[in-house]
Amino acid sequence: MNTPVIELRELVKTYQTGEVEVKAVRGVTLNIQRGEFVAIMGASGSGKSTLMNTLGCLDQPSGGTYRLDGVAVAGLDRRELAKLRNKKLGFVFQSFNLLSRTSAQDNVELPLFYTQPLVTLRERRQRAMEALEKVGLGSRGGHHPSQLSGGQQQRVAIARALVNRPELVLADEPTGNLDTRTSIEIMGLFQELNEAGITIVMVTHELDVAAYCKRIVVMRDGQVISDTLNGNRRTARQELATLNDAEQTARLG
Amino acid sequence: MFTLIQIIFVRSGQTALIALRALRRNKLRSSLTALGIIIGVASVVAMVAVGNGAQARITSQISALGQNLLTVFAGSKHSGGVNSGLGSASSITLADAAAIAREVTDVVAMSPEISTTAQAIANGRNWSTSIVGESPDYLKIRDWKLAAGSMFTERDTRGAVKVAVIGSKTANELFGPLNPVGQSVRIKNIPFVIIGLLESKGAGMGGQNQDDRIIIPYTTAMKRLTGDKYLRSVNLQIISASRMEAAQQQLTSLLRQRHRLTTGQDDDFNIFNQKEIADTVNSVSRIITLLLGAVAGISLLVGGIGIMNIMLVSVTERTREIGIRIAVGAQPGDIRLQFLIEAVTLSLLGGLIGVLSGVGAAQLVGVVADFHAVVSTGSIILAFGVSTAIGVFFGLYPAHKAAALNPIEALRYE
Ligand SMILES: Nc1ncnc2c1ncn2[C@@H]1O[C@H](COP(=O)(O)OP(=O)(O)O)[C@@H](O)[C@H]1O
Ligand SMILES: [Mg+2]
């Protein structure tokens, strides 16, 4: 049997704020296999972001185990974690987290600067360009984040997550700040990536968005309360076509 | 081993690229930081250079007076509350001068001095200048050379001959580019033959132009121009600096005796001791240089505080940047190296511009105030060192703190 990409056993994360102890994640056990496309849903404050940050090795769990590709993350030091984030993981934030006053191209190149073995200048350029093309921004490499729309900024962030060819893309409410149409476009992009073999885990609190995923995990109060396969999956390509038709009709009428 | 060095080298190169991009991205912050360094370094370099230059000029002016010069001035005349200045009183006579030459040991040269102002007419031009009567020793005492012709002699003095040696400025006013030697000049309608042209000496201690004068034998001046039997002063050269104190004492008691001054009466003359003045002026100008240095040090400090402020204020923005970099896989060492390179680049660049503008400012002050600024290597090293240390420390400190954060904490930093 294949080792799961993500293997969580009784994962716990507790925040210590002054006197108060906040149990954000309280015992999550979950396996995610290669090639899956998982939506994590739940009300605000249910611990989704906390879980994602832990999965992305941006934060350390307080208890339980997390194995990434069979490796226990708890035993790794800062350097090894940095390497994991650089090579294996691509993280997409709700608030984009792009470097301001820096071109889209340079933002996408950023992870390659920190890659071992070193990436040559030409390869860096080329891979960033490819990633930008993949998200449909091939012609916007020179634009700064302030010159791009929210959806375009999120695409740049996705290109940055993809540039080092990760096995796993983690996205925390990637469509949270976007309008419906842009959201569908982003989901279409994720579906394409998933078809190309990349494992995707994303957080959303919108059922509409979760409907594009293959599997839906629901959290409440730091625990998983349901974990189901998505029976009637939506395809972004079709939706967009329908949307275009509707717009066409509206314009004619 | 070789590949390890290669990796470190290339990696530093990449980090340098990141650092330079970051500097370019934050032009305002970068230039403000550099400005703090520039101001600090420039002011230290400029002020020390100006101080040193001023000191050097004062020293050279004092030594331009001549070697081991002792000058006795007649006291100042008070009449009805009006002070007519040194040399105006009638107290020193030629007999006094002769007695000084006879009795004060260690005098190697002497020149009695008469001074007046008169119109000089020559070459169809008219120029008001100072006419000074001296002995042939005067040029030796003042360490002054002739540009052309010769000085008058003992015989000229004895015979009160109507010969003159002319200052370069006066010569220029009267004759322009013509050679004045051999020409005639009329002073108070008396014709003099010009036999020598003085080298230019520039502004004197009092700021007056020493080149605007005509020197004639003191005997001629007394007999034909002023008709006076009193001297303005007597210039004396003493054999060595160490004998000046003793000579001054001898001089004082001799003159008091000759003028029949009883104990309790003030001197009716004043003695100007070049060495004493030089010592005082030198110590004062050293203090001034030190003071300028201190002021500059304060501006270096203020510049440093400016750097510190900008660096600390930018922590918020940069912590998020650091968070992003760590989130995509930067090692803490990468972050520290990047900020080190940024800080060093800014400090070195700022320091360099600071040194250049400091030297420039010093030269400018030198041109305006007419002296040579003396840039000291010590001040450059000190200013450069201090500003670089401040820049590097406060550049690295926030980075060091932020690099130690959890990536998620760094990203959330507000
Ligand atoms: N850094 C933190 N310090 C303290 N409490 C936190 C922190 N981050 C999240 N929490 C708390 O943990 C709980 C889960 O938060 P989060 O994971 O952000 O939920 P979600 O993303 O599902 O809205 C919330 O109660 C939140 O207040
Ligand atoms: Mg959240």
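This is a predicted model: local features need pLDDT of at least 70, side-chain atom pairs count only at pLDDT 80 or more; totals for chains, interfaces and linings use all residues.
Residues are numbered from 1 along each chain as its sequence is written, chains are lettered from A in the order in which they are written, and side-chain values use heavy atoms, with hydrogens and water left out.

**The strand and its partners**

- Strand β1 of chain B covers residues 69-74 and is mostly covered, with six of its six residues buried; helices (H or I, at least four residues) and strands (E, at least two) are DSSP runs, numbered from the N terminus.
- β1(B) pairs in the antiparallel sense with β11(B), residues 233-238, over five bridges, and B:V72 stands opposite B:V234 of that strand; two strands pair if DSSP finds at least two bridges between them.
- β1(B) is also joined by five bridges to β12(B), residues 269-273, and these two strands run antiparallel, with B:F269 as the bridge partner of B:A74.

**Domains of chain B**

- Chain B is divided into domain 1 (14-61 + 282-412) and domain 2 (111-234), with bounds that come from an automatic or database domain assignment.
- The C-alpha centres of domain 1 and domain 2 of chain B lie 56 Å apart.

**Interface of chain A and chain B**

- In chain A, 31 residues are in contact with 31 residues of chain B, contact meaning heavy atoms within 4.5 Å.
- The two chains bury about 2800 Å² between them, 51% of it on carbon and sulfur atoms; buried area is the accessible area (1.4 Å probe) that two parts lose on being put together, summed over both.
- A:R78, A:F113 and A:Y114 supply 26% of the area that chain A buries against chain B, more than any other three residues.
- The count between chain A and chain B is one salt bridge, and the side chains of A:D106 and B:R21 meet in a salt bridge at 3.3 Å, N to O, the rule being a side-chain nitrogen of Lys or Arg within 4 Å of a carboxyl oxygen of Asp or Glu.
- On the side of chain A that touches chain B, the elements giving two or more residues are α2 (78-87), α3 (104-113) and α4 (121-134) of chain A, and the largest share, six residues, comes from α2(A).

Definitions and conventions. Buried means under 20% relative accessible area, exposed over 50%, partly exposed in between (1.4 Å probe, protein chains only).
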